[in-house]
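Hi,

Here's the structure I promised to pass along.

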Amino acid sequence: MVMAGYEFEGKKPFENVYFTGLIRDKQRRKMSKSLGNSPDALELIERFGADAVRMGLLLCAPAGNDILFDESQIEQGRNFCNKIWNAYRLVGMWEPVEIQARPYESEASAWFQARLTATLSENEYHFAQFRLSDALMNLYKLVWDDFCSVYLEAIKPAYGEQISKEAWNQARAFFSLIVRALHPFMPFITEELYHSLHDGHPDKACAIADYPEASASQISLKIDPMTLVSELRNVRAQKGISPKEKLTAAAFGDQDLLSAYSQMIQKMANVDLIWNPGHRPASAVSFLAGTIEVLVELNFELDVEAEKAKIQQEMSRLQGFLKGVNAKLNNEKFVANAQGDVVERERQKQQDTLTKLQNLEGQLKALG
Amino acid sequence: MELSAKYNPAEVEGKWYSYWLEQKMFESKPDDRKPYTVVIPPPNVTGVLHMGHMLNNTIQDVLVRRARMRGYNACWVPGTDHASIATEAKVVKLLASQGIQKRDLSREEFLTHAWEWKEKYGGIILEQLKKLGSSCDWSRTRFTMEPSLYKAVVDVFVDLYKKGLIYRGTKMVNWDPQGLTTLSDEEVIFREIQDKLYYVKYVGVDFEGTLLVATARPETIAGDVAVCVNPADERYASLIGKHVRVPLINREVPIIADDYIDIEFGTGVLKVTPAHDIHDYEIGAKFNLKVIDTLTEDGRISEAGELFVGMDRFEARKEWVKQLDANGLLEKVDDYTHNVGFSERTDAVVEPRISTQWFVDMKSFMAKNPEVLSSVMNDEVRFFPEKLKNTYRHWMENVRDWNISRQLWWGHRIPAWYTASGEFEVAATAEEACSLFAAKGISVSPSELEQDPDVLDTWFSSWLWPISVFDGIGEGADRSELDYYYPTQDLVTGPDILGSPNGDGRIRV
């Protein structure tokens, strides 16, 4: 085609050539009729649905490498279809009321917006490099982790309460974006949901609707509030505290880093967060979320020695990490040749690690 | 809109695919938007959807759907190629099951059967692509043998012949003795075979003693025209230039020396049989040796083979071994494991065979079109992953002339016209050929001319695909579609098409 293009048109026939990998079975054997290791393509579609098959194939197809096909990846595709379906039905079951949006609803929306924007922008890069597998994995995580596990959980009305109309509309607006972002990968389920979102009469079908573009203004999460939430959940699990029992925690550090999400954090972790109080709680378990030190108050005696051992272990891990970062920054070749903001990021890591170590040092002292 | 409790793909998929088609959402016409064009690498018309197709077409669909949603005029052109050898093999098999042999049919009768087969069974794969959700513009579906694309191929052949880029020549090709056609390198499948290596005595003519030659193909001994040693091999240095007798045939042949010979293999002495081995053919050409073709096109011993004439090549091998042994000319037999090429379609052992065929002169083609290589190397055409650029370069730099003729009926018939005395002209029609003959002072009428019986390699039509699907080939073509859609955006294809260094010019990109 390149030959004919130049000979007969004097022009290349195409801009890009994308070479897929060869599909092999789990044992790395080439698929062939005689080996009987080649699944019946149409039968897979019948069993799992076309969207699941497409997704399963793409998930195991990193650009240009051989593809080790495993039916479980198609099952993963089917599970993902069910996940989206159920999430959509969940939102549909909520009955919104005309009240002002609750702070935690707005905070969760802002949080998801940031995740969505970041994902779309990363995906533009992946698409430019034909990394469809990475782009799809990104969307998969966005939907499964960020949208379903965090965002929908965060805005889910408490028992006996109702979601505000504004938050509900926002959730559906996000759904519309997600469905459109996924459409090229999973055209059928997305068309179905897109029509349903618009009561069967969208302006345009999903197939020709606008693809969500990454906006220029990126909202960056300096500290992801969800790291704080998951740390707090860890504390509960470790100390055997029921999720229903409200925690009280003291947070030391720059409150501005997290103030935009304080209600969301409180709701998701069932915690009262007190910023920079004058004194440190006596019996408390502590952790770091980014550069913020958090002390969770306990209403029982703490095993001081175990707590100290844990802190020391963390400190020695951080010291090891710091050593690696320092070695890189002391390597003149690395500093001279590193691309873009790589050096800057290494310096940031160095700074953050030092802050964390300082905090841990303080905690250790406080425990006596 | 009510949704069912559980996602049921079967309910949803058919509904929306019909909807998209009814609303003509995948159809594209030139307008003032930017085009995003993808031509499907045409699958065989005989093909059925397999995992490779599913991956490949899912990727194309993701790219095309995303482009469509981003406001491009997305155009994905589907179609199939006629798969000359695969289709012909299937039709022959079907006819055989009805008790009809191809040789009992005229060309026209056979082609009628082939078209019937194509209409009935061909193109299933396109229907299967719909199940996958492929957003092709089905109103643009093309087939490499439909009339206008047929004409494009003929025009291109004539054009390249006029430019001196196509020639008719006698060369060694891959020959399928069962399918009775040449094969591309790609259609030859190599398998490891447990074989025997025979150590045969060649008696000296002008020196005392014998030379021991190891060969896996004693049935071709009658075609020997020399024996060859490595010039650096001290064992034989004093014999170079002397002569031996070909066993059982008793022809005197020279002992020659060439670097190609592997001192370690067998006894370090190779029999040179230019008609039946590509390396022997090259050595023969270098030393200006005779070519004695001892096999017929269907793999039997020919008259020139002298012994066991008419016997199948593998039977003849046994007979040769027996006779050599009976005459005390067989020293020993070793077990020998080596790779043997089989025809992808008939599974017959492929013979290297010297034959008169049509070729694309790759050296001249590449000299005229250096961009074919440079565009890829300088990323004018971008390869993903990039590492395959090197494979491509290696391929292009070591390419052999491309054998484009096939001894088949299903395909584009070569537009060369022969007089009764064997002169030929290349032209789209017999009438045009007549005027070319007339210009040379040969007066013939169209009915006196015989068209070349062979057809063209399938890739000789598929390589035009990104141009031909927009009807841009040939003088006076309406270029409006081509000017809008060409160059296309992405080609999505498997990596195996770049797999054969020292290949035969079918650069399938």
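**What I found**

In chain A, 35% of the 368 residues count as buried. Keep in mind that this is a predicted model.

Staying with chain A for a moment: its secondary structure comes to 13 helices and seven strands. The C-alpha trace spans about 80 × 60 × 45 Å along its principal axes. If you take the contacts in chain A with a separation of 6 or more, 69% of them are between residues 24 or more positions apart.

Now for the interface. On the chain B side, 60 residues are in contact with 66 residues of chain A. Several elements of chain B each put at least two residues into that side: the helices H1 (9-22), H2 (51-69), H5 (124-132), H10 (371-377) and H14 (465-468), plus the strands E15 (382-384) and E22 (488-493). H2(B) gives the largest share, with twelve residues. Sorted by class, the side of chain B that touches chain A has 36 nonpolar residues, 13 polar and eleven charged.

Strand E1 of chain A (residues 14-19) runs parallel to E15(B), and three bridges join them. To find the spot, go to Asn16(A), which stands opposite Arg382(B) in E15(B).

Cheers

Key: Residues are numbered from 1 along each chain as its sequence is written. Chains are lettered from A and ligands numbered from 1 in the order in which they are written. This is a predicted model: local features need pLDDT of at least 70, side-chain atom pairs count only at pLDDT 80 or more; totals for chains, interfaces and linings use all residues. Two residues are in contact if their C-beta atoms, placed from the backbone, lie within 7 Å. Helices (H or I, at least four residues) and strands (E, at least two) are DSSP runs, numbered from the N terminus. Ala, Val, Leu, Ile, Met, Phe, Trp, Tyr, Cys and Pro count as nonpolar, Asp, Glu, Lys and Arg as charged, and the others, Gly among them, as polar. Two strands pair if DSSP finds at least two bridges between them. A residue is buried if 20 or more other C-beta atoms lie within 10 Å of its own, exposed if 12 or fewer, and partly exposed in between; C-beta atoms are placed from the backbone.
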